[in-house]
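Try each task before you read its solution.

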Amino acid sequence: MNGKALIQALNGVYEWVDKRLHVTDLFNHTAGHPIPKSSASWFYVFGSATLLCFMIQLLTGCLLALVYVPSAAEAYTTLEYLTFRQELGWFLRATHYWGSNFMVGIMLIHVTQVFLFGAYKYPREITWMSGVVLMLLTLGLAFTGQVMRFDEDAYWGLGIGAAIAGRSPMIGQQVVNFMLGGPIIASETLSRFFTLHVFVLPGSVLALVALHLRMVLTKGINEYPKPGQIVRKETYDKEYATIIKKEGIPFFPHGIWKDLVAASIVIGGILFCVLMFGPKGPLGEPNPTQIDTVPRPDFFFLWIFAIAALMPDYMETFMLLVAPPIIIGLLFILPFINNTGEKSWRRRPIAVLSVILIYLALGLLTYLGQTSPWSPDMKAWSGAETPREFVEGRSPLELQGLAVLQNKQCRNCHAIDGIGGHRGPDLADVGTRLTKDQLVRQIIQGGGNMPAYGKNLSPYETDALVAYMVSLHPKGELPARDSTIPATPAPLSVQEGEQHEAVGAH
Amino acid sequence: MTTETNNDKPCGCDHTPEPKKTSRRDFLLLLGFGLNAIAGAMIGIPLIGYLLSTFFKSYPLQWISLGPVSKFPEGATRLASYLNPDHREWDGQTAEIPCWVRRIQENDFQVFAINCTHLGCPVRWFEESKLFMCPCHGGAFYENGDHAAGPPPRGLYEYPFKVENNELFIQGGILPTLANPMDDKKPRH
Amino acid sequence: MKIAALSLACLSAIALSGCDIPGRPKKEDRRPEPHHVTDFKTLYSQNCAGCHGNGQSVGPVIAMNDPLYLSILPKEQMRQIVTNGRAENGMPAFALSNGGSLTNEQIGIIVDNIYAWAKNPPPTNAPAYSAPLGDVARGAAVFAANCASCHGADGQGLKDKAGSVVNPAYLGLVSDQYLRTITIAGRNDLGCPDFASRVPGKAMTSEEISDVVAWLASHRENEFGQKLAPAQQ
């Protein structure tokens with residue numbers, strides 16, 4: 001059989017199939033659809049990269065489900081089995097973990113790019129709205145995925161979720177019971193999060209991705225916006241048709257190669273993280289009676305953790321329950337608030353400013369969530385050492401004061417020269433800030449987010465503690481003094497520094 | 001939507017269009033919709049009932065033994081745990097629920113839930129400073145469960161308790177939240 | 001293509017070898033349950049180092065690697081102290097059964113490893129760890145001979161040398177045993193000499209130490225400034 005005959009035969013087969021399946025037609029309407037030449041840009045690869053991550057998640061998720069057992073009694077055992085005994089189980093777990101991180105991250109870039117390029121404006125409203133829902137579903141997948149890693153963090157994370165749900169007015173208890181599948185975190189809680197994570201959310205994502213892509217095909221991909229090109233409802237469709245006619249190129253193969261390169265970079269990035277950092281956890285067993293634990297959410301929810309710590313308590317319920325729906329609602333109806341006009345970010349300073357502000361805020365909150373200075377260091381009282389210069393040269397009483405400082409768990413919240421908890425102020429120079437009387441009052445009465453220690457310190461313990469703290473001032477700096485009592489004049493520079501501290505002792 | 005286009009086509013049957021308001025075909029279509037709505041409801045309502053069963057069910061507190069009172073030294077606060085009365089066989093470790101038992105004297109107890117009233121993290125007892133501290137957002141509570149510092153909106157959740165035949169019982173079996181705190185303490189604000 | 005080939009190579013490398021991939025979890029990296037931690041370093045640094053220092057750093061109370069201290073305190077007694085605490089000195093109880101956070105096994109690991117720091121052979125002629133209080137009047141003389149050069153003739157401390165040892169708050173926070181222990185072992189890490197080197201060539205005897213502790217204890221007051229008889233301690 002020569003080549004020509006073979007090609008002819010294959011052509012025949014293709015035509016036969018095409019007559020029945022309409023493959024050519026399908027191709028022309030999907031992968032081969034025309035896009036504006038300007039849209040074949042590196043800025044337009046993030047959507048397909050997010051989808052790629054989702055595909056990786058589907059694949060690795062299915063494979064993990066071959067071993068994982070979603071039961072409170074077994075989940076942890078199977079996680080350990082996957083991590084340490086199943087061949088390449090760690091690789092699968094790591095790929096699924098890093099795939100999720102990449103998915104959330106790239107999705108955020110995608111949303112930001114779409115926002116900055118004005119792609120949500122007429123006539124792509126539904127594309128944007130389906131995208132907002134996809135974003136929520138992705139975050140939902142990330143949160144429920146944390147629960148699948150059923151360790152102590154997952155257990156207490158569910159507790160936090162229940163505590164937030166319990167703040168809803170009127171039906172709080174019902175919502176908690178519904179969320180947990182009972183009155184308490186137990187196996188049924190894990191089962192329902194498993195159902196969400198494995199069936200409901202991925203299914204919804206698939207359906208919405210179909211809608212999302214369908215919109216890209218019917219209304220076309222956004223052209224690369226040029227400053228001064230105003231979107232008007234009356235003329236836009238015609239203008240877009242002209243662009244496609246004049247400089248349209250088929251997505252396959254002229255546009256897709258950039259997506260393919262981006263895809264390989266994403267896969268390479270995931271692989272790099274997998275090999276370098278491996279899977280996360282599992283941390284300790286989900287044993288509620290094992291309370292020697294410091295629950296923390298995964299990276300992408302650290303900012304919520306930070307908000308919960310930093311909000312004044314009277315606005316907390318509002319921030320946790322009311323603000324998110326408002327923000328999401330605003331995002332959802334954004335195309336109707338701002339339907340036409342400039343698309344280019346160069347002519348939309350408010351849009352650019354809000355993006356910068358949102359990312360600064362999220363970045364700062366995430367950083368704070370990572371360091372969590374508001375959390376007491378539970379082991380500091382018995383484990384945090386004291387630098388030599390804060391021990392040497394102290395009298396026996398002052399040394400006992402330091403012992404009291406350790407024993408009474410002060411170090412859990414107060415560092416000395418950076419060592420210890422960071423909830424309260426560092427005590428390394430407390431002697432320059434507070435006088436003896438002020439120290440006594442602060443310790444006995446508490447205040448400013450410090451508990452009152454009056455009942456739990458004997459007079460001698462207070463004496464010793466205060467004696468030690470008065471001794472805490474850097475060499476050359478005078479201790480704080482009561483400004484109502486005339487003192488021998490100190491050097492001017494020192495006086496200035498302490499004036500504002502040394503008030504209201506009596 | 002296909003029915004609409006079909007209506008425009010000449011019909012093959014001998015039935016001629018009449019000015020009647022409801023044709024037989026329209027009626028059959030409505031009947032079809034109606035039958036499916038009924039059948040759907042018959043299947044759907046139980047499905048929704050199954051899904052929402054935990055939403056509408058109430059879980060009354062149950063008396064649970066924490067063991068003999070001698071387990072708890074007077075003047076001390078100790079960690080205890082009980083088996084969730086509503087547990088399933090496949091609950092594993094999660095069936096074991098911890099709580100803090102403070103024996104003030106003799107039969108005078110306070111039993112606190114482990115969960116911080118802020119966001120439910122496990123509070124830890126520090127004997128020397130007589131404080132409960134929360135590792136999440138730094139809430140602190142005094143020995144008697146009162147709010148001492150930090151973001152928690154109220155004092156620790158407290159289980160109702162009783163002592164019978166030198167055995168300590170508490171009324172529990174739920175995860176306490178602000179919506180169901182088990183006690184009647186007032187929030188700070 | 002290059003990246004794809006590279007990934008492929010990497011993948012096959014993983015599949016073929018159990019070689020050192022940094023991301024691959026190792027069994028020994030698994031974090032044990034807190035009650036199953038058996039590593040002495042971890043246990044010591046989390047539970048002891050804050051007050052007793054870690055060998056390099058110094059703490060408010062005696063260092064655990066002081067060979068003299070380890071030679072006078074029987075191991076079993078240290079185990080008791082860690083288990084039950086010493087309420088009179090502010091040392092908390094660490095055993096789970098006493099509301100602490102350590103299992104008996106963990107306490108055993110800590111104590112055993114602390115004694116591994118002891119010098120072999122132990123310092124000789126060390127006075128007994130505990131003894132009854134001695135005579136107050138003799139104690140005053142012992143103090144004048146051995147301690148006054150730093151703590152002052154009246155024990156109130158000397159500027160730039162050492163602080164008061166007769167401060168009622170200080171004496172109210174430490175037990176007689178504490179005073180005895182520190183008189184024997186000193187605080188070599190903070191410059192306070194031990195019993196043998198206060199006066200060169202003339203080590204303090206066990207009786208002298210009992211006497212000086214009695215003299216110190218006689219300075220105890222209650223919080224209203226009234227003297228307390230030693231029996232009330």
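**Exercise 1. A backbone angle**

In which loop of chain A does A:N449 lie?

Solution. Please keep in mind that you are looking at a predicted model. Start with helix α19 (436-445) and helix α20 (459-470) of chain A: A:N449 sits in the loop between them. Next, check the backbone there. The phi of A:N449 is positive, about 75°, although the residue is not a glycine.

**Exercise 2. Domains**

Solution. Chain A is assigned domain 1 (17-371) and domain 2 (380-505). Taken over C-alpha atoms, the centres of these two domains of chain A are 48 Å apart. For chain B, the assignment is domain 1 (22-57) and domain 2 (62-172). The C-alpha centres of the two domains of chain B are separated by 48 Å.

**Exercise 3. Chain A against chain B**

Solution. Begin with the area. The size of an interface is often given as the accessible area lost when the parts come together. For chain A and chain B the buried area is about 5,000 Å², with 63% of it on carbon and sulfur atoms. Then count residues: 64 of chain A are in contact with 59 of chain B.

Next come the polar links. There are 25 residue pairs in polar contact across the interface of chain A and chain B, counting pairs with both residues at pLDDT 80 or more. Two salt bridges are found between chain A and chain B. One of them can be inspected directly: the side chains of A:E188 and B:R88 meet with 2.4 Å from N to O.

Finally, ask which helices take part. On the side of chain A that touches chain B, at least two residues each come from α7 (152-165), α8 (172-180), α9 (187-219), α12 (302-310) and α13 (316-332) of chain A. The most come from α8(A), which gives eight residues. By class, this side of chain A has 35 nonpolar, 19 polar and ten charged residues.

**Exercise 4. Chain C against chain A**

Solution. The area buried between chain C and chain A is about 4,000 Å², 65% of which is given by carbon and sulfur atoms. C:E33, C:P60 and C:L173 together supply 14% of the area that chain C buries against chain A, more than any other three residues. In contacts, 54 residues of chain C meet 47 residues of chain A.

Two salt bridges cross the interface of chain C and chain A. C:R31 pairs with A:E152, with the closest N and O atoms 2.5 Å apart. C:R30 pairs with A:E80, and there the closest N and O atoms are 2.6 Å apart. To place this second pair, look for C:R30 in the loop between α1 and α2 of chain C, and for A:E80 in helix α4 (residues 75-84) of chain A.

**Exercise 5. An aromatic pair**

Why is the pair of A:Y44 and A:F117 edge-to-face?

Solution. Over all chains, the structure has 36 aromatic pairs. In this one, the ring centres of A:Y44 and A:F117 are 5.9 Å apart and the planes stand at 70°, so the pair is edge-to-face.

Note on methods
Residues numbered from 1 in each chain as written. Chains lettered and ligands numbered in written order. Heavy atoms only, no water. Domains from an automatic or database assignment. Contact = heavy atoms within 4.5 Å. Buried area = accessible area lost by both parts, 1.4 Å probe. Salt bridge = Lys/Arg side-chain N within 4 Å of Asp/Glu carboxyl O. Phe/Tyr/Trp six-rings, centres within 6.5 Å; stacked < 30°, edge-to-face > 60°. Helix = DSSP H or I, 4+ residues; strand = E, 2+ residues; numbered from the N terminus. Polar contact = N/O pair within 3.5 Å; in protein donor to acceptor, adjacent residues only side chain to side chain. Nonpolar A, V, L, I, M, F, W, Y, C, P; charged D, E, K, R; others polar.
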